[in-house]
Amino acid sequence: MAKKSFEQSLKQLEQIVTELESGNLPLEQALKKFEEGMELSKFCAQKLDETERKITLLMQDNAGQPVEKPFPPEDQGKGAD
């Protein structure tokens, strides 16, 4: 199976949720979709955890201590036009 991105997995998970919420699936098919959704949810959670750890490492000071910096408001993060 080809490696999926976080975004692809999240989109697929959203589609599964929509299908399950519709209530139009037979029980066996709904169970398969639920299992697939749980796997995608786990994958997405792992990717988010990995990303959080990477960000934490990138935001350490010289002594290795985490440094918290607030994100600038969206309108301040853009260059002046």
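**A walk through the model**

Guide: Q65 is partly exposed, with a relative accessible area of 47%, where partly exposed covers the range between buried, under 20% relative accessible area, and exposed, over 50%, found with a 1.4 Å probe and protein chains only. This is a predicted model, in which local features need pLDDT of at least 70 and side-chain atom pairs count only at pLDDT 80 or more, while totals for chains, interfaces and linings use all residues. Residues are numbered from 1 along each chain as its sequence is written, and side-chain values use heavy atoms, with hydrogens and water left out.

Visitor: Where is Q65 found, and which residues does Q65 touch beyond those up to four places away in sequence?

Guide: Q65 belongs to the segment after α2. Contact means that heavy atoms lie within 4.5 Å. Once residues up to four places away in sequence are set aside, the residues that Q65 touches are M59 and Q60.

Visitor: How many helices and strands does the secondary structure of the protein come to?

Guide: Helices are DSSP runs of H or I with at least four residues, strands are runs of E with at least two, and both are numbered from the N terminus. Counted in this way, the protein has 0 strands and 2 helices.

Visitor: At what angle do the axes of helix α1 and helix α2 cross?

Guide: Two packed helices are described by the distance between their axes and the angle between them. Here the axes are lines fitted to C-alpha atoms over the stretch in contact, and angles run from 0 to 180 degrees between N-to-C directions. The axes of α1 (residues 6-22) and α2 (residues 27-58) come within 9 Å, and they cross at roughly 150°.

Visitor: How many nonpolar, polar and charged residues does the contact of α1 with α2 have?

Guide: The contact draws on residues of α1 including F6, S9 and L13, and on residues of α2 including F34, L40 and C44. Ala, Val, Leu, Ile, Met, Phe, Trp, Tyr, Cys and Pro count as nonpolar, Asp, Glu, Lys and Arg as charged, and the others, Gly among them, as polar. Sorted by these classes, the contact has 4 charged, 4 polar and 11 nonpolar residues.

Visitor: Is L40 buried or exposed?

Guide: L40 lies in helix α2, and, leaving out residues up to four places away in sequence, L40 touches S9, Q12, L13 and I16. The buried residues of α2 pack against α1, and they are A30, K33, G37, L40 and C44. Because its relative accessible area is 8%, L40 counts as buried.

Visitor: What relative accessibility does S9 have, and why does S9 count as buried?

Guide: S9 is found in helix α1, and beyond its neighbours within four places in sequence, S9 is in contact with K4, L40, F43 and C44. S9 counts as buried because its relative accessibility is 1%.

Visitor: What distance separates the C-alpha atoms of S5 and K47?

Guide: S5 is found in the segment before α1, and S5 counts as partly exposed at 26% relative accessibility. Although S5 and K47 are 42 residues apart along the chain, their C-alpha atoms are separated by 9.1 Å.
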